[in-house]
Amino acid sequence: MKPGGPRHGRGAVSNEASRFSATTQEAVDDGWFPEEPSTLATQVSVETSRSVIARNQSPDIPFDQSLNPYRGCEHGCIYCYARPSHAYLGLSPGLDFETRLFAKPDAPQLLEKELAHPKYRCSPIALGANTDPYQPIEREWRITRQVLEVLQRARHPVTITTKSALIERDLDILSEMAAAGLANVQVSITTLDKALALKLEPRASAPHRRLLAVARLAAAGVPVKVMIAPVIPWLTDSEMERIVEKAAEHAAASAGYILLRLPREVESLFAEWLDAHYPLKGAHTLSLVALAHGGKIYDSGFGRRQVGSGEYAGLLARRFLHALKRHGLAAELPALDAGAFRAPEGKQLDLFR
């Protein structure tokens, strides 16, 4: 294996240094033995925090509160816009992002404390806004389930975004919350091509398995939106109508899409991935990305960063709206109920119950 070559079960091709690092390392192939193993084990560290609810004021994001039980994501999606956040930890947005993970086991307790604060004002909390709450390590750590238990007791609305069929494990909680208007789910499907998905998002559930999860969530009464995220020019954009069709066949209530975003290090990591897996398509893919972002690879402007602008982006939008209409899907899920919230009682109050 030459330095920088693809590794089985991992998305990034290399381990580009953090932009905050004072030094960099470069692997060299001397023709004898590889300096790096062909496979990399996942390492999980514990992260402690003072608070767990993150807040945003972005006008093009449909929530103002989110919670991420984990930093980094073992799914290894090469296009993940959260990759640059690992640089703040002094780690690489490349392979480190998907192999050196951080779990927040105190998240349920911190959440309950924040919900009990007298100044807390209830609005839906998004799980999976940055990294997937049902990535493989959730099977062992079960932080997401504990967070859901806190939200269920408090009658607090929650929306979940995932690429994992592991969410079916928590149908008991989600179905009860959904019946009270307190939960919905977005299942992200990038492609229906299993071979392509294995390279793009190597440790996420297979596309057909995600569709089955959509059907099982819907059957349990949980409103589901299928997100075609991201739409990748030249690689996956031709599948848009087919994914909407499959979403409808599996009882999704809604569908949406997000155009490929390549902020900071994700640009070079994705270009490197294209060169390794689809060298003949790479230049055309990146040229279409730039065409949809005013000539730049990434446009951070609100209202444009999610869907792009210009002729190519406009064509995608028209195709998508036509597909929604044809298959009878809504653009959005019904709003969740924030009026049923019941703040957790503190331990001192529990003494007098």
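Residues are numbered from 1 along each chain as its sequence is written, and side-chain values use heavy atoms, with hydrogens and water left out. Because the model is predicted, local features need pLDDT of at least 70 and side-chain atom pairs count only at pLDDT 80 or more, while totals for chains, interfaces and linings use all residues.

## Overall organisation

The secondary structure comes to 12 helices and 10 strands; helices (H or I, at least four residues) and strands (E, at least two) are DSSP runs numbered from the N terminus. Of the 353 residues in the protein, 50% are buried. Here buried means under 20% relative accessible area, exposed means over 50%, and partly exposed lies in between, with a 1.4 Å probe and protein chains only. A contact means heavy atoms within 4.5 Å. Among contacts between residues at least 6 apart in sequence, 81% join residues at least 24 apart.

## Nonpolar cores

In soluble globular proteins, nonpolar side chains tend to be buried together. A nonpolar core is a set of buried Ala, Val, Leu, Ile, Met, Phe, Trp, Tyr and Cys residues joined through side-chain atoms within 4.5 Å. The largest such core has 61 residues, and those with the most contacts inside it are Leu111, Leu115, Ile125, Ile160, Leu174 and Leu217. Apart from it lies another core, of 25 residues, among them Cys73, Tyr79, Phe97 and Ile297.

Isoleucine 125 touches, among others, Ile53, Leu67, Leu111, Leu115, Tyr120, Leu151 and Val158, not counting residues up to four places away in sequence. Its partner leucine 151 is placed in helix α4 (residues 143-154) and counts as buried at 0% relative accessibility. With residues up to four places away in sequence not counted, leucine 151 touches Leu111, Leu115, Ile125, His156, Val158 and Met177. The C-alpha atoms of leucine 151 and isoleucine 173, 22 residues apart along the chain, are separated by 9.7 Å.

## The α9 and α10 pair

Two packed helices are described by the angle between their axes and the distance between the axes. The axes of helix α9 (residues 265-277) and helix α10 (residues 282-291) come within 9 Å and cross at roughly 150°. That makes α9 roughly antiparallel to α10. Axes are lines fitted to C-alpha atoms, for helices over the stretch in contact, and angles run from 0 to 180 degrees between N-to-C directions. Angles under 35 degrees count as roughly parallel, over 145 as roughly antiparallel, 65 to 115 as roughly perpendicular and the rest as oblique.

Phe270, Ala271 and Leu274 of α9 make the contact with Gly282, Thr285 and Leu286 of α10. These residues divide into four nonpolar, two polar and no charged; Ala, Val, Leu, Ile, Met, Phe, Trp, Tyr, Cys and Pro count as nonpolar, Asp, Glu, Lys and Arg as charged, and the others, Gly among them, as polar.

In α10, Gly282, Thr285, Leu288, Val289 and Ala290 are buried, and what covers the buried residues of this helix includes α9 and α11 (310-327). Threonine 285 has 0% relative accessibility. Not counting residues up to four places away in sequence, threonine 285 touches Ile232, Pro233, Trp234, Leu235, Phe270 and Leu274.

Tyrosine 278 is placed in the loop between α9 and α10 and counts as buried at 16% relative accessibility. Tyrosine 278 touches Leu196, Lys199, Leu235 and Trp273, not counting residues up to four places away in sequence. Its C-alpha atom and that of leucine 235, 43 residues apart along the chain, are separated by 9.1 Å.

## Backbone features and cysteines

The peptide bond from alanine 229 to proline 230 is cis, with omega near -5°. Proline 230 is found in strand β9 (residues 224-231).

A search of the whole structure finds zero disulfides, a disulfide being a pair of cysteine sulfur atoms within 2.5 Å. The sulfur of cysteine 80 is 6.4 Å from the closest cysteine sulfur, in cysteine 77, too far for a bond. Cysteine 80 is buried, with a relative accessible area of 14%.
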